[in-house]
Amino acid sequence: MDHHAVAKDWAGELTAVRHDEKTGAHFVIAVHSTRLGPATGGTRAMVYPDVADAVVDARRLAGAMTYKTALAGLPMGGGKSVIALPAPRAELDSATWRRILDVHAANLQLFNGSFWTGPDVGTESADMDVLRRSTDYVFGRSPEAGGPGSSAENTAVGVFAAVRAAAREAGCGELAGLRVLVSGLGAVGSRVAEFAREAGARLMVADIADDRCAPFAEQGARLVPVDEVTTTECDLLVPCATGGLITEQVAETVPCAAIAGAANNILGDDAAAEVLRRRGICYAPDFVTNAGGVIHLVGREILGWSADEVLARVQEIGQTVETIFKTASTQDISTDAAARQLAESNLAAAPPGRVS
Ligand code: NAI
Ligand code: PHE
């Protein structure tokens, strides 16, 4: 990791880093923008090679959240928190994990409402219940604790709307009979895979955990090894694991007609979007497709929307994706550039708001 790059090349507002000697965990909170309101973004808990990698990850993810909330029309800005764990979460004892959550809650409290968090990779609603005992600035508690529960269902609904729009844009038409390869069959990916199967797609699945693939394989899905996801021919590639799958090099050869998924930061570098455009591969930017989660959390907990209102807003993701495809095609730019342009114009046009 280029440590110099950690301090440069980020246009965000503030990054805070804390080390906890007792657990060995590092905590990063990156507030990218409060232009539209308090920043929001999940808490990602995983092992990183170095704390600098955690800072870079938090900052990139925070930037994506700014675009995500701006394009979803929410009165919130973008941020992210990352906990660089001393060991994989499954190996931590419950006292260590509890202390990690308590330190994280204290950090959130210091931000005093300018950053609100929720679940992300490595955390879940039960963790939000614990955080909420010591800080208010938490979305996504379990229904038993008075929260709206997991955002995965609404995220999957939005991603599926984007998958269908991408298939049409790529000239493949509706999903029936298309080869749809879903990589990552977790909370979101398993639901997207199920929607695709119901729509008549020829489902292909990949996950590092065999038990996630088994139920789909039993129903006839083709299993794809995880290291062959970007070299296996399909019509639609649907990344629903972690980010960075499509680098410039991968974009040069990936054998699909369209890419649309849930994973944050699907593109591994800035050059990949342009390569996809040049090759005529239709890419639906992740910060548009996966906004169902933040719409669910902010809609239910801040804006007071009913479950039906949230669903209606999530389904609009399909139209937003279509608008982005149209702009990209009219201006002959990548879909990623078109989405960023639209987000920037929303940021510039909207009056700064505050929700608390
Ligand atoms: P999850 O943790 O439930 O599922 C992730 C799945 O990916 C697991 O089944 C895991 O075994 C698998 N996986 C990990 N590495 C893999 C690899 N290299 N290849 C294939 N499979 C691999 O996470 P969840 O909630 O389903 O989220 C998936 C992605 O969507 C994440 O990137 C997350 O940040 C993003 N996202 C999730 C939202 C939500 O509401 N849950 C909202 C917006 C984005
Ligand atoms: N982690 C999810 C995302 O990346 C959901 C989330 C959004 C969690 C906002 C907290 C705050 O969109």
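Which side chain makes a polar contact with the side chain of Arg277? The side chain of Asp332 does, at 3.2 Å; a polar contact is a pair of N or O atoms within 3.5 Å, where within protein one must be able to donate a hydrogen and the other to accept it, and residues adjacent in sequence count only if both atoms are side-chain atoms. This is a predicted model, in which local features need pLDDT of at least 70 and side-chain atom pairs count only at pLDDT 80 or more, while totals for chains, interfaces and linings use all residues. Residues are numbered from 1 along each chain as its sequence is written, chains are lettered from A and ligands numbered from 1 in the order in which they are written, and side-chain values use heavy atoms, with hydrogens and water left out.

- Asp332 sits in the loop between α13 and α14 (335-349); helices (H or I, at least four residues) and strands (E, at least two) are DSSP runs, numbered from the N terminus.
- With a relative accessibility of 56%, Asp332 is exposed; exposed means over 50% relative accessible area, buried under 20%, and partly exposed in between (1.4 Å probe, protein chains only).
- Most residues other than glycine have a negative phi.
- Asp332, however, has a positive phi, near 55°.
- Asn265 also is not a glycine and has a positive phi, of about 60°.
- Asn265 belongs to the loop between β11 (258-259) and α9 (272-279), and is buried at 13% relative accessible area.

**Aromatic pairs**

- The model has 4 aromatic pairs; rings of Phe, Tyr and Trp (its six-membered ring) pair if their centres lie within 6.5 Å, and planes under 30 degrees apart count as stacked, over 60 as edge-to-face and the rest as tilted.
- One of them joins Tyr67 and Phe287 in a tilted arrangement, with 5.5 Å between centres and 45° between planes.
- Because Tyr67 is in helix α2 (residues 51-71) and Phe287 in helix α10 (residues 286-289), this pair ties together parts 220 residues apart in sequence.
- Both residues are buried: Tyr67 has a relative accessible area of 13%, and Phe287 has 3% relative accessibility.
- Trp116 and Tyr137 form an edge-to-face pair, because their planes stand at 70°, with ring centres 5.4 Å apart.
- Trp116 is in strand β6 (residues 115-116) and Tyr137 in the loop between α4 (125-132) and α5 (152-169), so the pair links parts 21 residues apart in sequence.
- Trp116 is buried at 12% relative accessible area, and Tyr137 is buried at 13%.
- Together with Phe139, Trp116 and Tyr137 make up one aromatic cluster.

**Packing of α5 on α13**

- Two packed helices are described by the angle between their axes and the distance between the axes.
- For α5 and helix α13 (residues 317-331), the axes come within 8 Å and cross at roughly 35°; axes are lines fitted to C-alpha atoms, for helices over the stretch in contact, with angles from 0 to 180 degrees between N-to-C directions.
- On the α5 side, the contact residues include Gly158, Ala161, Ala162 and Ala165; contact means heavy atoms within 4.5 Å.
- On the α13 side, Val321, Glu322 and Phe325 are among them.
- By class, this contact has 7 nonpolar, 2 polar and 3 charged residues; Ala, Val, Leu, Ile, Met, Phe, Trp, Tyr, Cys and Pro count as nonpolar, Asp, Glu, Lys and Arg as charged, and the others, Gly among them, as polar.

- Helix α11 (residues 292-301) is largely enclosed by the rest of the structure, because 8 of its 10 residues are buried.
- The buried residues of α11 pack against β3 (39-40), α2, α5, α12 (307-315) and α13.
- His296 is a residue of α11, and is buried at 6% relative accessible area.
- Leaving out residues up to four places away in sequence, His296 touches Pro148, Gly149, Ser150, Ser151, Asn154 and Val310.

**Val188**

- Val188 lies in the loop between β7 (179-183) and α6 (189-198), and is buried at 16% relative accessibility.
- Not counting residues up to four places away in sequence, Val188 touches Ala152, Thr155, Ala156 and Ala262.
- Val188 and Ala221 are 33 residues apart along the chain, with 17 Å between their C-alpha atoms.
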